[in-house]
Amino acid sequence: MSQLVIKDQIPDEQYLTSGHLACPGCAGAMAMNLVLKALGPETVVVLPACCWSIIAGPWPQSSLKVPLYHTAFETGAAVASGVKAALEQRGDHDTTVMVWAGDGGTFDIGLQALSGAAERNEDILYCCYDNEAYMNTGVQRSSSTPWGAWTTTTPAAHPETHVKKDILSILAAHRIPYAATATVAFPADLVTKVEKAKAIRGMRFIHILAPCPPGWKTADEATVELARMAVRTRIFPLMEVEHGDRWCFTGEHPGDPVEPYIRKQGRFRHLNDDQIASIQDEVNARWEVLNRRVAYGG
Amino acid sequence: MKKVIMGNHAVSWGVKLARTEVISAYPITPQTQIVEELSEMCAARELDARFIKVESEHSAMAACIGASATGARAFTATSSQGLALMHELLHWAGGGRHPIVLANINRALGPGWNIWTDQNDSLSQRDTGWIQLYCETNQEVLDTTIQAFKLAEAVDLPVMIVLDAFFLSHTSEPVDIPTQEEVDAFLPRREARYKLDPAEPHAFGALVRPDAYMEMRWQQQEAMEAGRQAFDRVEAEWSELLGRAYGAVEAYRADDAELLLVTSGTITSTARHVVDERRANGEPVGLVKVKMFRPFPTEKLRELLAGVPCVAVLDRNVSPGHGGIFAEEIRSALYDVALEARPKIFGYVLGLGGRDVTPPVISEIIDRSLAAREPEREDLWVGVNP
Amino acid sequence: MPDDQKVTPPLRGIPPIAVSQTSTLVNHTGSWKYIRPQYRDRVAPCNVACPVGIDIEGYMNLLREGREEEARDLLLRENPMPAVTGRVCHHPCEDSCNRVQFDQPVAIHAVERTLGDMELDAPLPRPPGRTRQETVGIVGSGPAGLSCAYHLARLGYAVTVYEDGAEPGGMLRPGIPEYRLPRDVLDKQIARIEAQGVEIRCGMRVGDDPGWDQLGHDAVFIAAGAHRSRDAGMEGERVPGIERGLEFLKRVNAGERPDLLGKRVVVVGGGNTAMDCARTALRLGAEPLVLYRRGRAEMPAIPQEVEEADHEGVAFVYLAAPTASRSVNGRLVGLECTRMELGPPDESGRRRPMPTERGRFSVRADLVLTAIGEATDLDTLQSHVDSEAGGVRIGRLGTTSQAAVFAGGDVANEPRTVADALGSGKRAALGIDLYLRRMAGELSDESLAALRLGGGNVSMTRWRQDDPVRRATPANEVVSGEQMNLNYFEHAARHEDEHLDEVSATHAFDEANRGLSHDAALAEARRCLNCGVCNECELCLIFCPDLAISRRTDGGFEIDMNYCKGCGVCAAECPRGAITMTQEGL
């Protein structure tokens, strides 16, 4: 998308304040900023344990200008269900209740509560900002960590042996009204999806890829570039799924080779050419699967 | 209105009359009838509550926390394994000062599987910051359920009402059900001091450094202290309205007693029967029923137990490696009384996993206690093989 | 226990729960950084490449914003004749366009032409006020002279231009055929220069009498051009049927229409004059053939002109040079030629053509036009000012060996293009302004460098310090494509000029290149990447994870260094390289 069109699609008001405690170049902070811009002030954020537990600021601070509830790691979707129920009971039918969880709180420990909320079609928006490992505790692998990646619990001598969990398909399988992927490199796409999600009643899920400079061992300024490469290489396609069966791509996925993306990251430094080729094969195969879903429904 | 209902349904009625706004629960025997009845009430629009049928007790408590944090009146019910699964979030509700009411049906924890009554589930949650109230009858269950909301909201602490599996949960008794008007007069709509409100945005539960963390825990402790008086006020108000009161601690025929039994839950009813028999024989035996376990009614127990020669505590629970939990708490409470007034305390562990505690069992305990000069050991297990 | 040993609570007024009371603004997280971003506008390579020194990027950006008149005025600050250059400039700007790496360069010439034509149709501007007492005389009304006159008039001087021909325009008039530069365009353009308060006196040859030192001006600018045609160097060059190409063009441009129907016209040379001769001959019915001693790639003519000539039907013979003419009964019949090959590069950097032994051939010719280039007529000048290599020796701002005398354009051996002449005249105007303000000695190398657009020509706007375009801290360095982030641009095909379908006999001298429609020109302006210059796309603000960037009320952005953590995402993502990261504390 042309640079000069992007700004027209990003609302001006900000609901995140400076002085938050994200690392330099944090995509999680960028994403929160953009998502809240799209949601506006009538929002309650439920925040299970994740990097954002720190980024939000220690007591007595808050870096958000909307209400925020810090909660236990595995409870995001459940607490949000309760918040929404209470708002409804008190006559507030407009406020968006958003869970803002990391990949650990979504793919791993919070999956049960998330599945429950999804199955109940709770009227909440669940955003997972995915930095592909437990970054706040010092880069341990999660089920979102991609194959071949170094983390402190998958050392370079024995890196991650499983492919990243397909969380979008898991959510789609719950037949929720709306599930999507997005990332910070395409802010208009992200904001559009959040705005769309905001207008939908029922369970909404947005999976936001959030490159992490310290955890991915990349330069601070490369965050957006990496997110863009992840999309262009089809490693992280931008998608929407409605009611679990209407799949579509949003934006361009030219299929750039994965190698520059992999080589740009210190967490993959130990991989040899054959291993990178196998990642390419996996991406290619996955792309075929997604195209079939787009063509024939999921 | 008098109705013959089970203890579980007494809870449901209390929750309904309290105009609970959000209910979230997960099925577990022997609690299930509570939420079944509440589901029926919601479906029939007799109760205008959102019932979130979650996928686990953990999420049930989480949903209650979310609802309570948003200013609503929230309720859940569970038992045994379910309560254990909630453990982390019981702390969250306590530390977050969310006035949630939870009905726990006392049931033994596995393994092996056991669905019968046992207090270990609720007593394991002793340090989570919850007020705990143990009930003896279905009437008390209903009354306490309604009072629990008022008490919780008065001191911003969650309240657990506890009743024995089957002996109360599934046993029908006549219960006088107050009218909605009576309950409304007693329990107004909740007005939260803090809540998640876009009009007044705050963050709750952020990282707290050691200096402030301890201040917050101190205030939690003070709220628990305040809870003792608050309980008395709430009960006095209830009593004025409906003429029923139970007390945080109840003394039954305790005057001039040489031996006082200390009980909680339904064992109390059995013990009352035994005490009546012994008094009929002219024996100076009485009973103290402990309803409130947290905050612990230390002062009241000292007043009742100091100077009594012999105290026999009946614990349907055990802290492995130590002893019956009520007994340990009472020993601790009485340590500070003058040595000559300090009773001999016999701590009996009995009835675990729902084993029947019959009048002969209690009678034997009385005799054994009176006969002994000192307890043989801290934990006196009743009816186990040597 | 003494009071001072009592443990007192460290905090007062703690709420019962961790409920927030303040924002995170109390945390000055900007202290974490070791590098900091800075908005530093760089210079687009087109601006650097433009011999005139036009802020091309600037007017493209204004056009994109729909501010057409401001765009035109920005262009007119540097270029007195955009309607002319938009048609005839060799536009090196487009070769340097960063869009070349992306798809195709922006059609800058066509946008300039559109803006120039907009100006021609507008009411005449009010002349700038005369704020200086001094007067300046300018010898020659070609692009160099008119450019110098225009800029000096706008700087407040009274300027008189002396032209020995009957009409002003210098080589623009005879040298460029009408089908490339319609006379009315030229006339209107010159009229607008006159409207700036420039007096043009035609039919007045300045040289021996009156000498240019006798005109009574405080300073003089000599831009007399180069009019002496060079010989092709073949045997029998002075025979009937062999004419100098420039003379031929002059005749035709003056209205003569020699009948060349079916005649073979051989044009010797590979420059723009050669192309003009060939295409003019074609329009007169001839079958033109261009004979050039190097290859097509080495031709000095504007490639577009070569393409158009090719397209119109001009034949080309490369690597060939005439050695002698052949005449029968006093009538030219052909040329003897030799095949050439390219040897090592000569002083011009191009490979030197060398004759080969074997390749002799002849071509039929009814008329031969030589277009080898023109030399300066230094006869009267040499006694007054120093010269070198056949031209007047000048300094960086047109100064000569004599005070108050300045020179530029072809006479001073500046590159022989309209744009270079315009640029040369502008430099001299600046030099004359400095001289008349007695400031010549005060312009340091650094100050002069700062006036140059990234090392290109000087900018009158910078000299006048009245830039109408808001700029972040300017860094006078050219921005490369690598310093930009091209991910934010969409591929878009370049709009190509429209041409007359074919050269018809009845409209032979109608303008061949019709330029772009207004809409197409605006679309081209939107293709501009605005290299190096912030155009407030706001990506920096959108991406800043620390919300340290905010809009300024007067345009542009500011960075709150209390919160900027120095991550560098703004600089990395800036599509146009207008943000630079610098070491903290330096």
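**Exercise 1.** In this predicted model, find which residue stands opposite A:S62, and describe how the two strands concerned are joined.

*Solution.* Start at A:S62 and look across to strand 1 of chain C, where the residue standing opposite is C:S23.

**Exercise 2.** Describe the side of chain C that touches chain A, beginning with the contacts and ending with the classes of residue.

*Solution.* First count the contacts, for which the C-beta atoms of two residues must lie within 7 Å: 36 residues of chain C are in contact with 34 residues of chain A. Next, ask which elements of chain C give two or more residues to this side; they are strand 1 (22–23), helix 17 (539–543) and helix 18 (569–573). Of these, helix 18 of chain C gives the most, with four residues.

**Exercise 3.** Decide whether the radius of gyration of chain B agrees or disagrees with that of a compact globule, and then describe the chain's build.

*Solution.* A compact globule of 386 residues would have a radius of gyration near 21 Å, and because chain B has 21 Å, the two agree. Along the principal axes, the C-alpha atoms of chain B fill a box of roughly 65 × 50 × 45 Å. Chain B contains twelve helices and 16 strands, and 56% of its 386 residues are buried. Lastly, take the contacts in chain B between residues at least 6 apart in sequence: 81% of them join residues at least 24 apart.

Methods: Residues are numbered from 1 along each chain as its sequence is written. Chains are lettered from A and ligands numbered from 1 in the order in which they are written. This is a predicted model: local features need pLDDT of at least 70, side-chain atom pairs count only at pLDDT 80 or more; totals for chains, interfaces and linings use all residues. The radius of gyration is taken over C-alpha atoms; the globule rule is 2.2 Å times the number of residues to the power 0.38. A residue is buried if 20 or more other C-beta atoms lie within 10 Å of its own, exposed if 12 or fewer, and partly exposed in between; C-beta atoms are placed from the backbone. Ala, Val, Leu, Ile, Met, Phe, Trp, Tyr, Cys and Pro count as nonpolar, Asp, Glu, Lys and Arg as charged, and the others, Gly among them, as polar. Two strands pair if DSSP finds at least two bridges between them.
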